[in-house]
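Take a look at the protein below. We will visit two of its residues, then step back to view the whole chain.

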Amino acid sequence: MRAASLLLAALVAAPSVLSAQDQERVVRGLKFAGNRALDDYTLSTAIATSNSSWAARYWWIRWVGLGEKRSFDELEFRRDVVRLLLLYRQSGYMSAVIDTVVQRRAKDVFITFRIHEGEPVRVQRLEIKGVGGVLDTAELRRALPLQVGDAFNRFLLQASADTIVARLRNSGHPYAEVLRNFDSEAGVLRADVEFEAIAGPLMRVGEVAIRGLEALDTGTVRRILTVRPGDLYRQEALYQSQRELYGLGVFRYANVMLVDSLPPGEGGGADGSGDGGRDSTVRVLVQVQEGPRHRVRFGAGYGSVECFRVQTGWTAQDFLGGARVLDLTARISKLGGGADTSTNRSGFSQVCNPFFVHWTPDTLNYSVGVTLRQPVFLSRAHTAALGVFAERRSEFRIYTRDAVGGNVDVTINARRQVPVTLGYGYSVGKTDAEGAIYCSVFQLCDSASQVFLKKRRPFGAVTVTAVRDRVNNPLDPSAGSLVTASLLHASRLTGSDTLYEFNRGELEITRYYPIGRRTVFAWRVRAGTILPQKITLSGPPVRYVPPDQRFYAGGPNSVRGYGRNELGPRVYIVTDTSTANVDTILPGGTVYTNVRTAPTGGNSVIVLNAELRFPSPIFAQRMRLGAFVDVGQVRERGEELVSLEGVRVTPGVGVRFATPLGPVRIDAAYNGYPLERGRLLLEQGSDISEFQSSYPPVGATRTLWQRIIWQFAVGQAF
């Protein structure tokens, strides 16, 4: 008897011993063969055994010792066969057979699950009862995940029942239930499915109780809610009300729920007299917890273009009642941007270098603003904002704008699928740009015209912006889409000066496709155009668009084969053409050492990006790789609206590191095009004249290292 007990204990312990021994074996290969109905990803998520990372699997790289190694567990592996069988049977494949091929080596194991799926049990008949007169049966049948002819999948069976319940509860029947009946015959490979709906009484919303308010008034909360007394009960209205409450930014907790768990006549109704034959009412409870009334925030950062920056803000929630929000903000950027650029640079001038790009000085930027936001404006669905500001902003090597002004915005359907914002902005300011830009683009080279263009003047514009946001993660999206369209009109009718009269339109479409667990393919299209008015100063009429309103492209979030704003037209400026500044003399002309470049932008832009993001073979949880192709152009369009002339294509690769602030990104793009040519202007004091019509001369080249453009940024490119 004792010997038998010892033998039984040994048999029970054997799997544990095997498991302990196999802990030293690493899964170097895991494959599925013969599966058609269920893909590899679905099967891999149903089992405990998992493959080692890419760098730990292949013989030509795994010897380095990199990558995540996953151990082989004999006991879990045996259970995986059962798990796969259950998955197939739940999916309708009752005759599926799972076989395994395991190659065990001293420290490695290679596994193949060989699957014979067989023919599935298919749905031959599907009936829905109990919804007549409540729902459109034909439309409901089409909306069900499980259809006649499909494999009899138990997961889709439950999803179909949930769909019917949701439709009923959004049609005034909060206590609706659905019974699932099916007759499955594996021998004849058919299943008959029947859903029997018990709709319950038709209900309307009665009392809406609000609990937990402290400072915020009840009337404001009631205006926000989409569920109101007298309305036909809809489950979706409860969920929408909860989202609306969180969207205010006032509450740290919000919950909207049905109070009565039983229908009238069963002990849970508001009046206990419901008979199911007439409308009854249900009670809804809104529970909230308010957050702090005042918030102070500080921030600091560094960027290759903005250098050091600091910002602060103060927010008052429920300002003067009505859930209004008063927000004060202040920001200073490009700290150190005006440092000396002499040969012996030190301090900020070294730290503020753009990533692998020669740095030039820039002016200190700042912005101060006060904004008052009203979450319920005219109706529950709309919001409004009123703000005033003072700012100085500059674009690298292009312009500096100083302005003070204000804006009014009304967002229609602010928390719906496609919110549309109507806005009006008015500011008074001046834009100081390179004199060579005015001379090259607008043929205004005399000092009198340039002084006139740089004067302070009003700018008033009406804008319309629509956004359709369907991404699953705002910091690092992997699925969904984002569409943004904007129109701007500025004229004397909107309060603008004659130099600020134009129409501007821009459209951006982005799409993300998940591939497997962590691989994403993404693409983006951005296009814009400006229709300007003609002005006449010292010469012939020109289509004038102020430098601060023109389109620019190039940089870490645009066409990455070009530096920031360097894609498209440009002008070269030289101040001294003496022999001391001659670099190279070519057959086509002279290359000077003291030439600086100023992008001139354009009145039309098109940018197309495509990128594949996938896990790194090493440190896969923290590091991802990217391969991309960027296409784009910026042009000074004439009469035509669209032109593909001069399109630039720059491919590249990059690495992304996961951080709490989003991915930190380093990209290297290859630009194989010759140096962009433009006019070379000689600038001597306030006098500007053309020195060469095309610069640099033919024959000027770049080294391979100069053709690789490095970009550094926080966040994905799009």
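Start at Asp 667, which sits in strand E30, spanning residues 664-670. Keep in mind that this model is predicted. Is Asp 667 buried or exposed? Its relative accessible area is 0%. Buried means under 20%, so Asp 667 counts as buried.

What surrounds Asp 667? Leaving out residues up to four places away in sequence, Asp 667 touches Arg 560, Phe 628, Val 653, Gly 654, Val 655, Arg 656, Ile 709, Trp 710 and Gln 711. Look at Arg 656 in that list. The side chains of Asp 667 and Arg 656 are joined by a polar contact of 2.6 Å.

Now move to Val 388. This residue belongs to strand E14, which covers residues 383-395.

Finally, step back to the whole protein. How many helices and strands does it have? There are twelve helices and 33 strands. The protein has 718 residues, and 42% of them are buried. Asp 667 is one of the buried residues. Next, consider contacts between residues with a separation of 6 or more: 63% of these link residues 24 or more positions apart. The accessible surface of the protein is about 35800 Å². Carbon and sulfur atoms account for 56% of that surface.

Methods: Residues are numbered from 1 along each chain as its sequence is written. This is a predicted model: local features need pLDDT of at least 70, side-chain atom pairs count only at pLDDT 80 or more; totals for chains, interfaces and linings use all residues. Side-chain values use heavy atoms; hydrogens and water are left out. Helices (H or I, at least four residues) and strands (E, at least two) are DSSP runs, numbered from the N terminus. Buried means under 20% relative accessible area, exposed over 50%, partly exposed in between (1.4 Å probe, protein chains only). A polar contact is a pair of N or O atoms within 3.5 Å; within protein, one must be able to donate a hydrogen and the other to accept it, and residues adjacent in sequence count only if both atoms are side-chain atoms. Contact means heavy atoms within 4.5 Å. Accessible areas come from the Shrake-Rupley method with a 1.4 Å probe; for residues, only the protein chains shown count as cover.
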